[in-house]
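Reader: I would like to learn how to read charged contacts and open spaces in a model. Could you walk me through them?

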Amino acid sequence: MSSSDSAVVDGLHHVTAYAHDPQQNIDFYTKVLGLRLVKQTVLFNNPSEVFRGPTMYHFYYADGAGTPGTVLTFKPHPSIQKGQVGRGQATATAFTIPDDDDVVAYWKDRLDVAPGATRYPTTERFGRTVIPFRDHDGQPLELITGESDVEPWSDGPVPDAFGLRGFHGVTIHPHNAQATASVLELLGYERVGHEPTPQDGDWTRYQNPGSDHGQFVDLYNEPNMHEGSWGTGTVHHVAFRIADDERQEALRHKLIDAGHSPTSMKDRNYFHSIYFRDPNGINVEIATDPPGFLHDEDEETLGTELKLPPFLEDRRAEIVDELADISLPASR
Ligand code: ZN
(Lines give C-alpha, C1' and ligand atoms only; values in the text may rest on other atoms or scores of the structure.)
Protein backbone atom coordinates (compact mmCIF):
# COMPACT_ATOMS: atom_id res chain seq x y z
CA MET A 1 0.00 0.00 0.00
CA SER A 2 1.37 3.40 -0.84
CA SER A 3 -0.47 6.56 -0.06
CA SER A 4 0.84 9.86 -1.39
CA ASP A 5 1.85 10.74 2.19
CA SER A 6 4.42 7.94 2.30
CA ALA A 7 6.02 9.12 -0.95
CA VAL A 8 8.40 11.48 0.82
CA VAL A 9 12.07 11.27 1.77
CA ASP A 10 13.57 10.99 5.28
CA GLY A 11 16.39 13.54 4.97
CA LEU A 12 19.74 13.04 3.27
CA HIS A 13 21.12 9.64 2.28
CA HIS A 14 24.53 10.60 0.84
CA VAL A 15 26.41 13.38 -0.89
CA THR A 16 28.78 12.50 -3.75
CA ALA A 17 31.72 14.71 -4.71
CA TYR A 18 34.89 14.71 -6.83
CA ALA A 19 38.49 14.62 -5.66
CA HIS A 20 41.91 14.50 -7.26
CA ASP A 21 44.04 12.09 -5.29
CA PRO A 22 42.69 8.87 -3.72
CA GLN A 23 45.24 8.69 -0.89
CA GLN A 24 44.90 12.38 0.06
CA ASN A 25 41.14 11.86 0.08
CA ILE A 26 41.34 8.87 2.43
CA ASP A 27 43.76 10.62 4.75
CA PHE A 28 41.67 13.78 5.00
CA TYR A 29 38.30 12.19 5.69
CA THR A 30 39.54 9.44 8.02
CA LYS A 31 42.52 10.99 9.81
CA VAL A 32 41.44 14.65 9.94
CA LEU A 33 37.63 14.42 10.15
CA GLY A 34 37.59 11.02 11.87
CA LEU A 35 35.00 9.46 9.58
CA ARG A 36 35.07 5.73 8.86
CA LEU A 37 35.85 4.50 5.35
CA VAL A 38 32.86 2.13 5.17
CA LYS A 39 33.23 1.07 1.55
CA GLN A 40 35.94 1.04 -1.06
CA THR A 41 34.54 0.16 -4.42
CA VAL A 42 34.68 1.43 -8.01
CA LEU A 43 32.45 3.36 -10.37
CA PHE A 44 29.75 1.05 -11.71
CA ASN A 45 28.86 3.26 -14.68
CA ASN A 46 30.09 2.87 -18.23
CA PRO A 47 33.57 4.25 -18.67
CA SER A 48 34.16 7.41 -20.69
CA GLU A 49 37.23 9.56 -21.33
CA VAL A 50 37.04 11.12 -17.88
CA PHE A 51 35.15 8.52 -15.94
CA ARG A 52 37.10 5.33 -16.01
CA GLY A 53 34.21 3.18 -14.90
CA PRO A 54 35.40 0.29 -12.79
CA THR A 55 39.03 1.45 -12.93
CA MET A 56 38.09 4.53 -10.88
CA TYR A 57 37.62 4.31 -7.11
CA HIS A 58 34.42 5.21 -5.31
CA PHE A 59 34.98 5.74 -1.57
CA TYR A 60 32.23 6.04 1.06
CA TYR A 61 32.91 7.75 4.42
CA ALA A 62 30.34 7.59 7.21
CA ASP A 63 29.70 6.82 10.85
CA GLY A 64 30.74 3.37 12.11
CA ALA A 65 27.86 1.49 10.47
CA GLY A 66 27.31 3.41 7.22
CA THR A 67 24.02 4.90 8.42
CA PRO A 68 22.13 6.76 5.68
CA GLY A 69 22.41 10.49 6.33
CA THR A 70 26.07 10.25 7.41
CA VAL A 71 27.60 9.14 4.09
CA LEU A 72 29.93 11.37 2.08
CA THR A 73 31.23 9.66 -1.06
CA PHE A 74 34.05 10.58 -3.42
CA LYS A 75 35.08 9.70 -6.92
CA PRO A 76 38.80 10.47 -6.80
CA HIS A 77 41.00 10.43 -9.90
CA PRO A 78 43.92 12.57 -11.12
CA SER A 79 42.31 12.81 -14.60
CA ILE A 80 39.34 14.85 -13.31
CA GLN A 81 39.45 18.57 -14.08
CA LYS A 82 39.45 21.18 -11.33
CA GLY A 83 35.90 22.38 -10.66
CA GLN A 84 34.57 25.70 -9.45
CA VAL A 85 32.07 25.99 -6.62
CA GLY A 86 29.18 28.27 -7.57
CA ARG A 87 25.64 28.77 -8.67
CA GLY A 88 23.80 25.70 -9.92
CA GLN A 89 25.41 23.35 -7.38
CA ALA A 90 25.27 22.06 -3.85
CA THR A 91 27.82 24.50 -2.44
CA ALA A 92 28.49 23.14 1.07
CA THR A 93 28.13 19.86 2.93
CA ALA A 94 27.68 20.23 6.69
CA PHE A 95 28.23 17.77 9.54
CA THR A 96 26.77 18.12 13.03
CA ILE A 97 29.03 18.58 16.04
CA PRO A 98 27.84 18.82 19.67
CA ASP A 99 26.72 22.30 20.73
CA ASP A 100 29.58 23.00 23.13
CA ASP A 101 32.28 25.70 23.20
CA ASP A 102 35.02 23.14 23.86
CA VAL A 103 33.97 21.16 20.77
CA VAL A 104 34.01 24.28 18.59
CA ALA A 105 37.47 25.20 19.94
CA TYR A 106 38.74 21.64 19.34
CA TRP A 107 37.73 21.69 15.68
CA LYS A 108 39.06 25.18 15.02
CA ASP A 109 42.44 24.14 16.44
CA ARG A 110 42.39 20.78 14.63
CA LEU A 111 41.52 22.25 11.25
CA ASP A 112 44.14 25.00 11.62
CA VAL A 113 46.96 22.44 11.65
CA ALA A 114 45.42 19.60 9.59
CA PRO A 115 47.23 18.77 6.33
CA GLY A 116 45.13 19.96 3.39
CA ALA A 117 42.55 21.86 5.46
CA THR A 118 41.79 25.54 4.94
CA ARG A 119 39.58 27.01 7.66
CA TYR A 120 37.51 30.19 7.30
CA PRO A 121 36.20 32.50 10.05
CA THR A 122 33.49 30.96 12.24
CA THR A 123 30.01 32.35 11.58
CA GLU A 124 26.42 31.92 12.78
CA ARG A 125 23.46 30.72 10.74
CA PHE A 126 19.95 30.17 12.10
CA GLY A 127 21.33 30.58 15.62
CA ARG A 128 24.01 27.89 15.29
CA THR A 129 27.78 28.12 15.14
CA VAL A 130 29.20 27.29 11.71
CA ILE A 131 32.87 26.39 11.09
CA PRO A 132 33.46 26.61 7.32
CA PHE A 133 36.51 24.86 5.82
CA ARG A 134 37.78 23.16 2.67
CA ASP A 135 39.81 20.06 1.87
CA HIS A 136 42.89 19.72 -0.45
CA ASP A 137 40.68 20.09 -3.52
CA GLY A 138 38.72 23.09 -2.23
CA GLN A 139 35.64 21.01 -1.37
CA PRO A 140 33.39 23.30 0.74
CA LEU A 141 32.51 21.74 4.10
CA GLU A 142 31.02 22.97 7.37
CA LEU A 143 30.76 21.82 10.95
CA ILE A 144 27.55 23.10 12.55
CA THR A 145 26.58 22.79 16.20
CA GLY A 146 23.35 20.95 16.90
CA GLU A 147 21.58 17.78 17.97
CA SER A 148 21.74 14.41 16.23
CA ASP A 149 20.75 10.81 16.89
CA VAL A 150 24.01 9.59 15.27
CA GLU A 151 26.89 8.18 17.34
CA PRO A 152 30.34 9.22 16.12
CA TRP A 153 32.76 6.61 14.73
CA SER A 154 34.47 5.60 17.93
CA ASP A 155 37.50 3.77 16.51
CA GLY A 156 38.98 6.75 14.66
CA PRO A 157 41.43 9.46 15.76
CA VAL A 158 38.79 11.94 17.05
CA PRO A 159 37.64 11.39 20.67
CA ASP A 160 33.92 10.56 20.93
CA ALA A 161 33.06 13.82 22.70
CA PHE A 162 34.15 15.78 19.61
CA GLY A 163 33.23 13.33 16.83
CA LEU A 164 31.06 14.15 13.82
CA ARG A 165 27.44 13.05 14.21
CA GLY A 166 26.33 12.59 10.65
CA PHE A 167 25.17 15.24 8.25
CA HIS A 168 23.58 18.45 9.45
CA GLY A 169 22.55 19.17 5.86
CA VAL A 170 23.60 20.71 2.59
CA THR A 171 23.55 24.17 1.08
CA ILE A 172 22.23 24.45 -2.46
CA HIS A 173 22.74 27.54 -4.57
CA PRO A 174 20.12 27.41 -7.33
CA HIS A 175 19.62 29.89 -10.16
CA ASN A 176 15.97 30.10 -9.22
CA ALA A 177 15.36 29.41 -5.53
CA GLN A 178 11.61 28.94 -5.99
CA ALA A 179 12.06 26.06 -8.43
CA THR A 180 14.32 24.12 -6.06
CA ALA A 181 12.05 25.02 -3.12
CA SER A 182 9.13 23.40 -4.97
CA VAL A 183 11.16 20.20 -5.41
CA LEU A 184 12.07 20.15 -1.70
CA GLU A 185 8.41 20.60 -0.76
CA LEU A 186 7.47 17.75 -3.08
CA LEU A 187 10.07 15.57 -1.29
CA GLY A 188 8.46 16.38 2.08
CA TYR A 189 10.59 19.31 3.29
CA GLU A 190 9.11 22.29 5.14
CA ARG A 191 10.33 25.86 5.05
CA VAL A 192 11.45 26.74 8.60
CA GLY A 193 13.55 29.90 8.36
CA HIS A 194 14.86 32.80 6.36
CA GLU A 195 17.71 35.21 7.07
CA PRO A 196 19.95 37.60 5.14
CA THR A 197 23.59 36.76 4.40
CA PRO A 198 26.32 39.25 5.32
CA GLN A 199 26.53 40.06 1.57
CA ASP A 200 23.52 40.85 -0.62
CA GLY A 201 21.89 37.45 -0.48
CA ASP A 202 19.73 35.36 1.79
CA TRP A 203 19.36 31.88 3.22
CA THR A 204 16.11 29.93 3.30
CA ARG A 205 16.13 26.86 5.50
CA TYR A 206 14.13 23.72 4.76
CA GLN A 207 13.77 20.88 7.26
CA ASN A 208 12.69 17.29 6.85
CA PRO A 209 10.23 16.43 9.64
CA GLY A 210 10.94 12.69 9.38
CA SER A 211 14.61 12.71 10.34
CA ASP A 212 16.81 13.32 13.41
CA HIS A 213 19.98 13.92 11.38
CA GLY A 214 20.78 15.13 7.89
CA GLN A 215 17.47 16.96 7.91
CA PHE A 216 18.36 20.46 6.67
CA VAL A 217 18.69 21.98 3.23
CA ASP A 218 19.64 25.65 3.06
CA LEU A 219 18.88 27.42 -0.19
CA TYR A 220 21.47 30.11 -0.73
CA ASN A 221 20.57 33.04 -2.91
CA GLU A 222 23.46 35.36 -3.76
CA PRO A 223 22.91 37.40 -6.93
CA ASN A 224 26.60 38.18 -7.45
CA MET A 225 27.88 34.60 -7.12
CA HIS A 226 29.58 33.17 -10.20
CA GLU A 227 28.51 30.02 -12.01
CA GLY A 228 29.74 26.70 -10.74
CA SER A 229 31.52 24.20 -12.96
CA TRP A 230 31.88 20.50 -12.23
CA GLY A 231 35.18 18.89 -11.25
CA THR A 232 37.38 18.20 -8.23
CA GLY A 233 36.38 20.21 -5.17
CA THR A 234 32.69 20.22 -6.12
CA VAL A 235 29.64 18.11 -5.33
CA HIS A 236 28.20 15.96 -8.10
CA HIS A 237 24.86 15.09 -6.54
CA VAL A 238 22.80 15.05 -3.37
CA ALA A 239 20.94 11.85 -2.51
CA PHE A 240 17.87 11.78 -0.26
CA ARG A 241 16.88 8.65 1.64
CA ILE A 242 13.65 6.73 1.31
CA ALA A 243 12.56 3.66 3.28
CA ASP A 244 12.03 1.09 0.53
CA ASP A 245 11.44 0.35 -3.17
CA GLU A 246 7.68 0.73 -2.86
CA ARG A 247 7.84 4.26 -1.48
CA GLN A 248 10.50 5.14 -4.02
CA GLU A 249 8.21 4.01 -6.84
CA ALA A 250 5.36 6.07 -5.37
CA LEU A 251 7.64 9.11 -5.17
CA ARG A 252 8.81 8.45 -8.73
CA HIS A 253 5.22 8.70 -9.93
CA LYS A 254 4.66 11.81 -7.86
CA LEU A 255 7.73 13.41 -9.51
CA ILE A 256 6.50 12.47 -12.99
CA ASP A 257 3.05 13.91 -12.19
CA ALA A 258 4.77 17.16 -11.18
CA GLY A 259 6.58 17.39 -14.52
CA HIS A 260 10.00 15.93 -13.56
CA SER A 261 11.77 13.16 -15.45
CA PRO A 262 13.21 10.65 -12.98
CA THR A 263 15.15 7.64 -14.31
CA SER A 264 14.02 4.10 -13.77
CA MET A 265 15.39 2.41 -10.65
CA LYS A 266 19.13 1.56 -10.76
CA ASP A 267 20.67 -1.10 -8.52
CA ARG A 268 23.68 0.56 -6.84
CA ASN A 269 24.53 -2.59 -4.84
CA TYR A 270 24.20 -0.78 -1.46
CA PHE A 271 20.96 1.05 -2.31
CA HIS A 272 18.44 1.35 -5.12
CA SER A 273 18.30 4.74 -6.79
CA ILE A 274 16.36 6.98 -9.11
CA TYR A 275 17.85 10.21 -10.44
CA PHE A 276 16.53 13.47 -11.84
CA ARG A 277 17.66 17.02 -12.42
CA ASP A 278 15.68 19.75 -10.73
CA PRO A 279 14.67 22.76 -12.91
CA ASN A 280 17.98 24.46 -11.96
CA GLY A 281 20.05 21.54 -13.20
CA ILE A 282 20.86 20.31 -9.66
CA ASN A 283 21.44 16.52 -9.71
CA VAL A 284 19.12 14.79 -7.27
CA GLU A 285 19.07 11.10 -6.31
CA ILE A 286 16.52 9.22 -4.22
CA ALA A 287 18.23 6.21 -2.60
CA THR A 288 16.66 3.43 -0.54
CA ASP A 289 17.95 2.51 2.93
CA PRO A 290 18.18 -1.21 2.04
CA PRO A 291 20.18 -3.27 1.34
CA GLY A 292 22.82 -1.02 2.99
CA PHE A 293 26.59 -1.22 3.39
CA LEU A 294 26.55 -4.37 5.54
CA HIS A 295 25.15 -6.56 2.79
CA ASP A 296 28.58 -7.62 1.49
CA GLU A 297 30.83 -6.97 4.54
CA ASP A 298 30.70 -7.40 8.32
CA GLU A 299 30.46 -4.25 10.41
CA GLU A 300 33.84 -5.07 11.94
CA THR A 301 35.70 -5.14 8.63
CA LEU A 302 33.71 -2.49 6.69
CA GLY A 303 35.84 -0.67 4.15
CA THR A 304 38.98 -2.75 4.58
CA GLU A 305 38.81 -4.54 1.21
CA LEU A 306 37.96 -3.56 -2.34
CA LYS A 307 34.36 -4.67 -2.92
CA LEU A 308 32.98 -5.21 -6.40
CA PRO A 309 29.40 -5.85 -7.47
CA PRO A 310 28.76 -9.38 -8.77
CA PHE A 311 28.80 -8.26 -12.43
CA LEU A 312 32.39 -6.95 -12.07
CA GLU A 313 33.83 -9.73 -9.90
CA ASP A 314 35.24 -11.73 -12.83
CA ARG A 315 37.25 -8.63 -13.91
CA ARG A 316 38.78 -8.14 -10.43
CA ALA A 317 42.43 -8.76 -11.42
CA GLU A 318 42.28 -6.33 -14.33
CA ILE A 319 40.49 -3.69 -12.21
CA VAL A 320 42.92 -3.97 -9.28
CA ASP A 321 45.81 -3.65 -11.71
CA GLU A 322 44.50 -0.28 -12.95
CA LEU A 323 43.66 1.22 -9.53
CA ALA A 324 46.23 3.27 -7.59
CA ASP A 325 47.69 1.58 -4.50
CA ILE A 326 46.24 3.02 -1.31
CA SER A 327 47.04 2.60 2.35
CA LEU A 328 44.25 2.55 4.90
CA PRO A 329 44.33 4.13 8.36
CA ALA A 330 45.40 1.73 11.10
CA SER A 331 42.51 0.71 13.32
CA ARG A 332 42.89 1.32 17.06
ZN1 ZN B 1 24.67 8.76 -5.36
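Author: Gladly! This is a predicted model. Let us begin with Asp289, which is partly exposed because its relative accessible area is 24%, and the cut-off for buried is under 20%.

Reader: Which residue forms a salt bridge with Asp289?

Author: Arg241 does, and the closest N and O atoms are 2.7 Å apart. Arg241 sits in strand S14 (residues 235–242) and Asp289 in strand S17, so the pair ties together parts that are 48 residues apart in sequence.

Reader: Is Arg241 buried or partly exposed?

Author: Arg241 counts as buried, because its relative accessibility is 14%.

Reader: How many salt bridges does a search of the whole structure find?

Author: The search finds 14. One of the salt bridges joins Asp296 to Lys39, with the closest N and O atoms 2.6 Å apart.

Reader: Why does the pair of Asp296 and Lys39 tie together parts that are apart in sequence?

Author: Look at where each residue lies. Asp296 is in the loop between strand S17 (283–291) and helix H5 (316–322), whereas Lys39 is in strand S2 (residues 36–42), so this contact ties together parts 257 residues apart in sequence. Lys39 counts as buried, as its relative accessibility is 0%.

Reader: What does Asp99 form with Arg128?

Author: Asp99 and Arg128 form a salt bridge, and their closest N and O atoms are 2.9 Å apart. Distant parts of the chain are linked here: Asp99 comes from the loop between strand S5 (89–97) and helix H2 (101–113), and Arg128 from strand S8 (residues 128–134), 29 residues apart. Asp99 is partly exposed at 49% relative accessible area, and Arg128 is also partly exposed, at 23%.

Reader: Which residues are linked in a network of salt bridges?

Author: The network links Arg125, Glu142, Arg205 and Asp218.

Reader: Now for open spaces. How do I find them?

Author: The general idea is that rolling a probe the size of a water molecule over the atoms shows where empty space is left. In this structure, the largest pocket has a volume of about 640 Å³.

Reader: Which residues lie nearest the centre of the largest pocket?

Author: Of its 24 lining residues, those nearest the centre are Arg125, Pro132, Glu142, Trp203 and Tyr220. Arg125 and Glu142 also belong to the salt-bridge network.

Reader: What else can I read from the lining of the largest pocket?

Author: Its residues divide into 13 nonpolar, six polar and five charged. Strands supplying at least two residues each include S5, S8 and strand S9 (140–145).

Methods
Residues numbered from 1 in each chain as written. Predicted model: local features only at pLDDT ≥ 70, side-chain atom pairs only at ≥ 80, totals over all residues. Heavy atoms only, no water. Salt bridge = Lys/Arg side-chain N within 4 Å of Asp/Glu carboxyl O. Helix = DSSP H or I, 4+ residues; strand = E, 2+ residues; numbered from the N terminus. Buried < 20%, exposed > 50% of the residue type's maximum accessible area, 1.4 Å probe, protein only. 1 Å grid on protein atoms, 1.4 Å probe; cavity = no way out; pocket = protein on both sides within 12 Å on 5 of 7 lines; lining within 4 Å. Points joined across faces, edges and corners; volume = space filled by probe spheres on them. Nonpolar A, V, L, I, M, F, W, Y, C, P; charged D, E, K, R; others polar.
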